[in-house]
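Here's a quick briefing to keep open beside the viewer. Take a look at the model first, then work down the topics below.

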Amino acid sequence: MDIRLLDAEPTAEERSAVDDVLGAPGSSWDGGDRGSARDSHTAEFGGRATRERRHLLLPAFQALQARVGFITEGGLDYVCARLGVPPAEAWGVATFYAMLATSPRPRRMVHVCDDIACRAKGAAGLCASLEREAGAPISHEPAGHHVALDREKAAWMHSPCLGLCDVAPAALVVEAGAKTVERSIGHATKDGVLSLLGGKAPGPDGASTPHIGRSPLIVGGGLLERVGKVDPASLAAYRAAGGYAALAKAVDMGAEGVIREVTASNLVGRGGAAFPTGRKWEAVRTQPAQPHYLVCNADESEPGTFKDRVLLTEDPFAIVEAMTIGAFATGAEKGFLYIRADYPLAYERMQGAIVQARAAGLLGENILGRGLRFDIEIRRGAGAYICGEETALFESIEGKRGEPRNKPPFPVSYGLFGKPTTMNNVETFANIPAIVLDGGAAFAKVGTAQSTGTRLFCLSGTVRKPGVYEVPFGTKLSALIGMAGGVPEGRTLKAVLLGGAAGGFVRADELDITLTHEDTRATGTTLGSGVVMLFDETADLRDAVLRIAAFFRDESCGQCVPCRVGTVRQEEALHRIASGKMRGGVKGELALLDELGDAMKDGSICGLGQTAYSAVESAIKRLGLYSDAGSATA
Amino acid sequence: MTTPFVQIRRPDREPKKMVELQVDGIAVSVPEGTTILGAARTIGIDIPTLCYLETLRPVNVCRVCMVEVEGSRVLVPSCSRAAEPGMIVRTGNDRVKHTRKMVLELLASSVDLSTTPGMAALLDEYECDPERYGPPAPPAAAGVRDAAVCGHHTPPNPDFAATLAQPPIVDNDLYVRDYAKCVLCYKCVEACGVDHQNTFAIAVAGRGFDARISTELAVTLPDSACVYCGNCIAVCPTGALMAKREFDMRGDGSWHEEKQTSADTICPYCGVGCTLTLHVQDNEIVKATSPLDNGITMGNLCIKGRFGWRFVQRKPEAGSQEAGTGAL
């Protein structure tokens, strides 16, 4: 492909950052020095060989971001030359991801979460005091500011949910350089953030000691069995705790045997859509097109969700083993783990687990000496909630903008790189080893007839003991909240956000809901990604609704009209109510929101647009949050 | 050793399997692979479209052509969804009409649709009321929307409805990019990219409501990879991309489409033989296009065919050397 570049030179630093990912260039045709011995071999560059490396675009950008702190003109040009990607297209990709900066930024950035769970724990106040003492967040600086930007100074910016709701309010510090520093910060304070902005080295990762709770009803293992007990950095420890027995047994059972048990277990996806896993695996296994891919969706970005973070961080080998079993069952030899950008510790642990498994012959060629071939590559997200949508995730791995595809065709036949692909959520995979070991029937005994097994819930907000809780399906919402201690002493529960921003609110008098797929469906709620966020009277619910509306407006990919413009109009209507500038009174605004909601639900390409009105609708109809609204304040 | 004879495979002429479905209660039979839109059109049911074009791969992003398919949880885009045996399709019930109305209304409330052919009638038909979202926000200054950074939230102003209003970009002599009129249908990107031209001068940048068509780093067209074929103008459904000549004439009020006639000819520049449609107003060529259904061009031209016709009507200035010799 004949592409026109910007003619901007990369610095030595930028060049080496990109070469670390892509290898050294072969000739001047792909960005190397002119006059190299291979220059006349033009056929070596371009064509299919180059196009097939397109999926390295995002990793190359991430390398630039990590080394330099933003995508420079020279860096962009060099990446385009190396991968044969037209600069306009590469620019489209770079500007799609919030964690990639396309204008100069200081090397150290502190991302301060101001999403719903952190807001319930005072994030808005934290941001306000930061603004007073450390200046405006970088996003709100006028454009001209960047010219005089001090690259060596630190700056802060707002962030959507960082998946650290159990240690809210949360922040993330990222420092670009030869040795990149990335650290999650729990229980962020004004002084803590100020000292980071002042150059203090960050302490240990704030995601390292999660609080977990397990229902006494869980007999046998459960998903959190090893968490906090088995060293997550040691393969030997994992094996000593019974790890990798499932993989050996799976190979004995054969692919069809594994799928038979998974189907018998009645396991359904834990990412939010609750699709039967056995059916998905069988559909991929029987696809004639080759190769098959397997993807673990670890892009957990639903506000209020952090269960997958705990599994990835505390039990990484289980995910590697489960993915290997899944690959064996569905006939895949290559797997991807797509993990969100804001989980540095989880990334580190998963990376470590994969390296150790590979060294021990548990990944790669001839696994367990049984002729099985499979390997896992980790891909990191770059700050886009939409990439948790399965087809958007494929696009992102392929090096494109994370724009969801229209379905059908479904991923089982047309997934990653257009090939049959199995994609499952982290928690779904975590269930697999037990199903293989104990059999599907034993698994299905736990829970209810239609919702089998246990489920992880993320308790956050104004709850006494925030954390990840594992309970069997069929547990009452009130019992789950009880396990976490309810709201703090002397406070009253006002509402619970169930299922995340794409889920909905329920009232404090509705805690009798049974946590199963069938009961939540019947009551018009959803388990979604397992979010149970509590709001007591100190939390501003209308403010939370505004934040959810802002979230969807910011995270819409912009492809389809109902979502792109609808989420903007939804947020505007809520702001008109909040400021008392209603058009047609509150009634008129609520009717408008309903009309918008219907169109987004029916007309959007993917689940983001289809659920953008869910939480807002529940706040209006279930909580009656605006029924007495005539006044500007809640 | 002799080179083996390789027979060039002719396109598959085997009759395709037929698919039977029902559209608005009428049984339709279409060849396998036909879209719902195609099936509906064979029986005279017209479904409005915006981002769809016969010569481009459907991207199904505008969501104007949504229809209801029995058994589907949400509506489906008729422009890209293939007809399946036994499908029961409804193209105009209340649910479909509501989504279509909202999509058109949302577009009309945020984008300048004044030069979109047929749009006024469509907005009337669906009783759209774009004003109900509030008065349109004042236009953004030049370059502001191009600099929008995703993930950086600016709270809405409750007094206004956000729009794409911004000054048109006039950075070359051949065409104008007026992104206040852009509905983000992706057609120009497809035409500039793999569907037609393979130049890749423009792509979608940014995210959400801030998504926009852009060159790399929003550089001007002369600094970009653009080759001025104008094939993006040919596919633009709203006039956001417009030949400079038309833009100027519209600006000074001298553009009168109703007075224009058109004539087909063959482009004189090279041996390809592209069909040119010359649009003439007051005996002057004001625009050149090529028919979409032309087997050679599929509506595409190059810079010469699309813009290189001014010499035809160049009048020698009185007293110039050319006037003296009578040369063009």
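Which residue of strand 2 of chain A does Arg108(A) stand opposite? Arg108(A) faces Ala154(A) there. Keep in mind that this is a predicted model.

**The chain A sheet**

- The sheet is open and has four strands, in the order 2-1-3-4 (chain A), and its pairing is mixed.
- Strand 2 (154-159) and strand 4 (181-185) of chain A sit at the edges, each pairing on one side only.
- Ignoring direction, neighbouring strands in this sheet are turned by 15° against each other on average.
- Strand 1 (residues 108-113) and strand 2 of chain A run parallel, and six bridges join them.
- Helix 7 (residues 123-134) of chain A lies across both strand 1 and strand 2 of chain A. The helix runs at about 145° to strand 1 of chain A.

**How chain A is divided**

- Chain A splits into domain 1 (12-94), domain 2 (108-139 + 150-197), domain 3 (235-445), domain 4 (454-536) and domain 5 (541-621).
- If you want a distance to check, the C-alpha centres of domain 1 and domain 4 of chain A are 48 Å apart.

**Helix 10 against helix 13 in chain A**

- Helix 10 (residues 245-265) and helix 13 (residues 316-330) of chain A pack at an angle of about 35°, and their axes are 8 Å apart.
- The crossing of helix 10 of chain A past helix 13 of chain A is right-handed.
- From helix 10 of chain A, the contact uses Ala246(A), Leu247(A), Ala250(A), Val251(A), Ala255(A), Val258(A) and Ile259(A). Helix 13 of chain A answers with Glu321(A), Thr324(A), Ile325(A), Phe328(A) and Ala329(A).
- By class, that contact has ten nonpolar residues, one polar and one charged.

**Helix 20 against helix 21 in chain A**

- The axes of helix 20 (residues 541-555) and helix 21 (residues 561-578) of chain A come within 8 Å and cross at roughly 155°.
- Angles over 145 degrees count as roughly antiparallel, so helix 20 and helix 21 of chain A are roughly antiparallel to each other.
- Helix 20 of chain A passes helix 21 of chain A in a left-handed crossing.
- Helix 20 of chain A brings Arg542(A), Val545(A), Leu546(A), Ala549(A), Ala550(A), Phe552(A) and Arg553(A) to the contact.

- Most residues other than glycine have a negative phi, and most peptide bonds are trans. The following spots are worth a look.
- Gln290(A) and Pro291(A) are joined by a cis peptide bond, with omega at about -10°. Pro291(A) is in the loop between helix 11 (277-285) and strand 6 (292-298) of chain A.
- Pro408(A) and Pro409(A) are also joined by a cis peptide bond, with omega at about 5°. Pro409(A) is in the loop between helix 15 (390-397) and strand 10 (421-425) of chain A.
- Asp7(A) isn't a glycine, yet its phi is positive, at about 65°. Asp7(A) is in the segment before helix 1 (12-22) of chain A.

**The chain B sheet**

- Five strands make up an open sheet in the order 2-1-5-3-4 (chain B), with mixed pairing.
- Its edge strands are strand 2 (26-31) and strand 4 (76-77) of chain B, and each pairs on one side only.
- Strand 1 (residues 18-23) of chain B pairs with strand 2 of chain B in the antiparallel sense over six bridges.
- Gln22(B) stands opposite Ala27(B) in strand 2 of chain B.
- Helix 2 of chain B lies across strand 3 (66-69) and strand 5 (88-90) of chain B, and runs at about 155° to strand 3 of chain B.

**Where the chains meet**

- Chain B puts 50 residues into the contact and chain A puts in 51 residues.
- On the chain B side, the elements giving two or more residues are helix 2 (94-110) and strand 7 (203-205) of chain B.
- Helix 2 of chain B gives the most to this side, with eight residues.
- The side of chain B that touches chain A has 30 nonpolar, 14 polar and six charged residues.

Notes. Residues are numbered from 1 along each chain as its sequence is written. Chains are lettered from A and ligands numbered from 1 in the order in which they are written. This is a predicted model: local features need pLDDT of at least 70, side-chain atom pairs count only at pLDDT 80 or more; totals for chains, interfaces and linings use all residues. Two residues are in contact if their C-beta atoms, placed from the backbone, lie within 7 Å. Ala, Val, Leu, Ile, Met, Phe, Trp, Tyr, Cys and Pro count as nonpolar, Asp, Glu, Lys and Arg as charged, and the others, Gly among them, as polar. Axes are lines fitted to C-alpha atoms, for helices over the stretch in contact, and angles run from 0 to 180 degrees between N-to-C directions. Angles under 35 degrees count as roughly parallel, over 145 as roughly antiparallel, 65 to 115 as roughly perpendicular and the rest as oblique. A crossing is left-handed if the near helix is turned anticlockwise from the far one by less than a right angle, and right-handed if clockwise. Two strands pair if DSSP finds at least two bridges between them. Domain bounds come from an automatic or database domain assignment.
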